[in-house]
Amino acid sequence: MPNMKVFEWLGNDPKGVPYYLHPLNLVWSDAGVEHDIEHYLRVADRLAGDPSYWAEIIRDASWRHSLAGCTCLLVSRRHEFFEELCYRFRAGSFIAPQIAVTLGLLHGRAACSFFESVLDEPSLRNRPKQAISAHRVLIRLGAQPAIDISIEAWRGLEHDDATVADTAVAKHWDFWSSRI
């Protein structure tokens, strides 16, 4: 696991809520979204000075590290770390929808090829967060996925994961695409 310096850099908002939590559900501090984005941009500038650490936090299994890394990429509009984003998406993550949106917005054409390959792999196609996220981002990129992925294909907790992924991709795509 990478060290925790990214969380030290991000810190907490005045109410004591860690800044790394704000982009998870796009719920921002009382200072407002623009303030929080500027805060993340300063952290992205620090990460730019240590690209190996930035790559490490994106690849990390801890969703908190990956989310901080993705958010810093989005606010800074850096088209970097494609392989790291693909690795974390393929390996699985609580934040698979946010990773998919980051890939789609920052690496459009390459992301299309990557997501098509994900949907071609039965082991990944059967994982609701990855399958729904890949499918929904492909559609937002204007692609016609060869395989239709429906939320209704899953039951129980997997259905819940698919629903959450569908909603998260839509909300994050709408939010971040207006800022990139």
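Arg78 is partly exposed, with a relative accessibility of 25%. In this predicted model, the side chain of Arg78 meets that of Glu80 in a salt bridge, with a distance of 3.3 Å from N to O. Glu80 is also partly exposed, at 31% relative accessibility. Side chains of opposite charge can pair when their charged atoms come close. The number of salt bridges in the model comes to six.

A further salt bridge joins Arg90 to Glu121, where the closest N and O atoms are 2.1 Å apart. This pair links distant parts of the chain, 31 residues apart: Arg90 belongs to helix 5 (residues 82-91), while Glu121 is in the loop between helix 7 (108-120) and helix 8 (122-125). Arg90 has a relative accessibility of 29% and counts as partly exposed. Glu121, at 26%, counts as partly exposed too.

Arg136 and Asp166 form another salt bridge, with 2.8 Å between the closest N and O atoms. Here the link runs between two helices, with Arg136 in helix 9 (residues 128-140) and Asp166 in helix 10 (residues 156-177), 30 residues apart in the chain. The relative accessible area of Arg136 is 13%, so this residue is buried. Asp166 is partly exposed, with a relative accessible area of 23%.

Cysteine pairing was examined next. The count of disulfides is zero. Cys70 is in no disulfide, and the nearest cysteine sulfur, which belongs to Cys72, lies 9.6 Å away. A disulfide requires two cysteine sulfur atoms within 2.5 Å. For Cys86, the closest cysteine sulfur is that of Cys70, and because the two are 11 Å apart, they are too far from each other for a bond. Cys70 is buried, at 2% relative accessibility. Cys86 is likewise buried, at 7%.

Empty space in the model was then considered. Rolling a probe the size of a water molecule over the atoms shows where empty space is left. The largest pocket has a volume of about 180 Å³. Its lining is made up of 13 residues, and those closest to the centre of the pocket are Leu24, Asn25, Gln98, Val164 and Ala168. Two or more lining residues come from each of helix 6 (96-106) and helix 10. Helix 10 contributes the most to the lining of this pocket, with five residues. By class, the pocket lining comprises seven nonpolar, four polar and two charged residues.

The model also has one cavity of 30 Å³ or more. The volume of the largest cavity is about 50 Å³. Its lining consists of Pro23, Leu67, Cys70, Thr71, Leu74, Gln98, Val101, Thr102, His172 and Trp176. At least two of the residues lining the largest cavity are supplied by each of helix 4 (63-76), helix 6 and helix 10. Helix 4 gives the most to this lining, with four residues. The lining of the largest cavity divides into six nonpolar and four polar residues, with no charged residues. Cys70, which is in no disulfide, is among the residues that line the largest cavity. Gln98 is one of the residues closest to the centre of the largest pocket, and Gln98 also lines the largest cavity.

Technical notes. Residues are numbered from 1 along each chain as its sequence is written. This is a predicted model: local features need pLDDT of at least 70, side-chain atom pairs count only at pLDDT 80 or more; totals for chains, interfaces and linings use all residues. Side-chain values use heavy atoms; hydrogens and water are left out. A salt bridge is a side-chain nitrogen of Lys or Arg within 4 Å of a carboxyl oxygen of Asp or Glu. Buried means under 20% relative accessible area, exposed over 50%, partly exposed in between (1.4 Å probe, protein chains only). On a 1 Å grid over the protein atoms alone, a cavity is a set of points where a 1.4 Å probe fits but cannot get out, and a pocket is an open set with protein on both sides within 12 Å along at least five of seven lines; lining residues have an atom within 4 Å of a point. Grid points are joined across faces, edges and corners, and a volume is the space filled by probe spheres set on the points. Ala, Val, Leu, Ile, Met, Phe, Trp, Tyr, Cys and Pro count as nonpolar, Asp, Glu, Lys and Arg as charged, and the others, Gly among them, as polar.
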